[in-house]
Amino acid sequence: MGIIFDKPLIGVVMCQKDLGGHATQTVHNKYIDALVQAGGVPLALPHSLLAAPHLSENAMAVLDGLLLTGSPSNIEPWQYGEAGEEPHADPGRDRLAFQLITWATSHKMPMFGICRGMQELVVANGGALWRDLTEQPGLQGHHEDETQPLDRQYAPAHPVVIEPDGLLATLLGSHPPLQVNSLHHQGIREPGPQLRVEARAPDGLIEAVSLRHHPFALAVQWHPEWQPEQTAGSQALFSGFIQAALHYHRGKEDE
């Protein structure tokens with residue numbers, strides 16, 4: 001009896017960290033849970049896929065979408081033309097994410113980036129970041145109070161102004177104006193020529209982008225994976241991503 005396909009396979013980029021002296025790669029449950037709730041099947045993508053070119057290509061060939069998660073780490077500044085050290089770097093994730101973004105872009109595979117994932121999509125397409133938003137005049141604080149419990153850290157912090165006629169506006173439709181959480185110290189300075197700005201914070205900071213000439217490549221600076229069933233618009237973003245992944249999978253079957 002054949003397997004009936006109804007759920008797309010979504011690759012999820014992981015983060016490198018040290019746990020009790022052991023090198024470990026992790027991804028928060030909230031990303032996995034949000035994908036499953038939306039109808040996807042998550043598959044972890046380890047940094048060891050960089051060991052040989054065919055490894056990442058083989059992995060991507062069976063996938064239907066790519067999720068670029070948030071992370072406590074930051075992209076190394078030399079990746080976007082800045083000097084200096086990054087104390088919270090994850091260079092393995094940088095290299096893997098950029099390689100996978102390049103593959104997904106060339107194959108028109110759906111992508112969804114969240115927080116660091118949005119910054120990866122921007123830097124991979126020639127954009128640049130503000131390394132510390134608190135040093136930028138005119139920008140409000142966008143980071144969480146880490147002394148507060150998680151439900152307070154992830155509570156709505158500010159509205160976003162959505163650009164008309166974009167992918168984000170299409171996905172959200174008649175949803176009420178979005179109030180989003182805000183848990184990032186860095187932000188988008190220049191989006192790069194390949195990206196369309198989809199939303200901004202009230203202070204003008206870019207909060208969402210999409211890749212031009214791509215069926216579905218959306219990234220947001222906030223965290224829709226946090227309790228998406230309780231947050232306006234979050235389910236619509238994941239649902240749109242999963243539907244795009246299903247469409248991509250059917251296109252592969254027709255080839």
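Reader: Among the contacts in the protein with a separation of 6 or more, what percentage comes from residues 24 or more positions apart?

Author: This is a predicted model, and in it residues 24 or more positions apart account for 71% of the contacts with a separation of 6 or more. A contact here means heavy atoms within 4.5 Å.

Reader: How do you know that the radius of gyration agrees with that of a compact globule?

Author: The rule gives a value near 18 Å for a compact globule with 255 residues, and the protein has 17 Å, so the two agree. Taken along the principal axes, the C-alpha atoms fill a box of roughly 60 × 45 × 40 Å. Of the 255 residues, 50% count as buried, while the accessible surface comes to about 12100 Å², of which 53% belongs to carbon and sulfur atoms.

Reader: Which strands make up the open sheet, and in what order?

Author: The protein has seven helices and 14 strands, and eight strands form an open sheet in the order β4-β1-β5-β6-β14-β13-β12-β9, with mixed pairing.

Reader: What makes β4 and β9 edge strands?

Author: Each of them, β4 at 41-45 and β9 at 161-162, has a single partner strand, so one side of each is left without a neighbour in the sheet.

Reader: How do you know that β9 is paired with β12, and in which sense?

Author: Two strands pair if at least two bridges are found between them, and β9 and β12 have two bridges, in the antiparallel sense. V161 has R200 of β12 as its bridge partner, and R200 in turn has I206 of β13 as a bridge partner. Strands β12 (residues 195-200) and β13 (residues 206-211) are themselves antiparallel, paired over five bridges, and they form a hairpin with five residues between them, where G204 in the turn has a positive phi of about 95°.

Reader: Why is H47 called buried?

Author: Buried means under 20% relative accessible area, and H47, at 10%, therefore counts as buried. H47 has its place in the loop between β4 and α2 (53-62), and, leaving aside residues up to four places away in sequence, H47 touches M14, C15, Q16, Q25, D90, G92, R93 and L96.

Reader: What makes the pair of H47 and M14 a polar contact?

Author: The distance cut-off for a pair of N or O atoms is 3.5 Å, and the backbone oxygen of M14 lies 3.0 Å from a polar atom of the H47 side chain, a value within that cut-off.

Reader: Why is D165 called exposed?

Author: Exposed means over 50%, and D165 has a relative accessible area of 74%, so D165 is exposed. D165 is found in the loop between β9 and α6 (167-172), and phi of D165 is near 70°, again a positive value in a residue other than glycine.

Definitions and conventions
Residues numbered from 1 in each chain as written. Predicted model: local features only at pLDDT ≥ 70, side-chain atom pairs only at ≥ 80, totals over all residues. Heavy atoms only, no water. Helix = DSSP H or I, 4+ residues; strand = E, 2+ residues; numbered from the N terminus. Buried < 20%, exposed > 50% of the residue type's maximum accessible area, 1.4 Å probe, protein only. Polar contact = N/O pair within 3.5 Å; in protein donor to acceptor, adjacent residues only side chain to side chain. Rg over C-alpha atoms; globule rule 2.2 N^0.38 Å. Areas by Shrake-Rupley, 256 points an atom, 1.4 Å probe, with all protein chains shown as cover.
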